[in-house]
Amino acid sequence: MSNHLDGNALAGVLSEVFATDVTAARARCGRCGRTSPVAEAMVYPDAPGLVARCASCDHVLVVVVTAGERLVLSLAGLDTIDLRISTAHRAVDHAGDDARVSRGSG
């Protein structure tokens with residue numbers, strides 16, 4: 001298990017699930033409490049999927065397995081993950097808020 005990639009190896013597969021770049025997100029390890037960008041995790045691609053481990057304590061943070069048209073994602077090793085919301089999503093959310101406000105006031 002000594003050959004690993006950095007957390008950027010998760011970018012492609014996680015883009016299927018998240019609309020934002022997860023590798024830039026800050027994640028907190030559930031074991032040691034280290035908070036760092038996901039890109040700093042150690043990713044092992046030799047398992048049936050991708051296994052991301054904490055660079056500090058080696059705790060399993062993320063497991064991603066793709067099987068045909070399914071993607072199974074476990075974030076069980078994380079206490080938190082802090083994602084930035086893209087401006088496109090904020091614009092959509094605010095447009096929906098505006099529509100609800102105008103319907104409610106009329």
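Ser-36 is buried, with a relative accessible area of 10%. The model shown in every view is a predicted one.

View A. Ser-36 lies in strand 3. Because buried means under 20% relative accessible area, the 10% computed for Ser-36 places this residue in that class. The side chain of Ser-36 makes a polar contact of 3.5 Å with the side chain of Arg-34. Leaving out residues up to four places away in sequence, Ser-36 touches Ala-25, Arg-26 and Ala-27.

View B. Strand 2 (residues 26-29) is joined to strand 3 by three bridges in the antiparallel sense. Which residue of strand 3 stands opposite Arg-28? Thr-35 does.

**View C. Leu-78 in strand 8.** Leu-78 belongs to strand 8. Is Leu-78 buried or exposed? Leu-78 is buried, and its relative accessible area is 13%. Apart from neighbours within four places in sequence, Leu-78 is in contact with Ala-27, Arg-28, Gly-30, Leu-61 and Val-62. His-59 is 19 residues away from Leu-78 along the chain, and the C-alpha atoms of the two are separated by 9.4 Å.

**View E. Strand 5 and its side chains.** In a regular strand, side chains alternate between the two faces of the sheet. Strand 5 covers residues 50-53. Leu-50 and Ala-52 point one way from this strand, while Val-51 and Arg-53 point the other way. On which side of the burial limit do these four residues fall, buried or exposed? All are buried.

**View F. Strand 4 beside strand 5.** Strand 4 (residues 42-44) pairs with strand 5 over three bridges, in the antiparallel sense. Tyr-44 has Val-51 of strand 5 as its bridge partner.

**View G. Strand 5 beside strand 6.** Strand 5 and strand 6 (residues 60-67) run antiparallel and are joined by four bridges. Ala-52 stands opposite Val-62 of strand 6. Val-62 was also named in View C, among the contacts of Leu-78. The hairpin of strand 5 and strand 6 has six residues between the strands, and in this hairpin Asp-58 takes a positive phi near 75°.

**View H. Strand 6 beside strand 7.** Five bridges link strand 6 to strand 7 (residues 70-74), and the pairing is antiparallel. Val-64 stands opposite Leu-73 of strand 7, and Val-65 stands opposite Val-72. How many residues lie between strand 6 and strand 7 in their hairpin? There are two, and Gly-68 in the turn has a positive phi of about 65°.

Technical notes:
Residues numbered from 1 in each chain as written. Predicted model: local features only at pLDDT ≥ 70, side-chain atom pairs only at ≥ 80, totals over all residues. Heavy atoms only, no water. Buried < 20%, exposed > 50% of the residue type's maximum accessible area, 1.4 Å probe, protein only. Pairing = 2+ DSSP bridges. Polar contact = N/O pair within 3.5 Å; in protein donor to acceptor, adjacent residues only side chain to side chain. Contact = heavy atoms within 4.5 Å.
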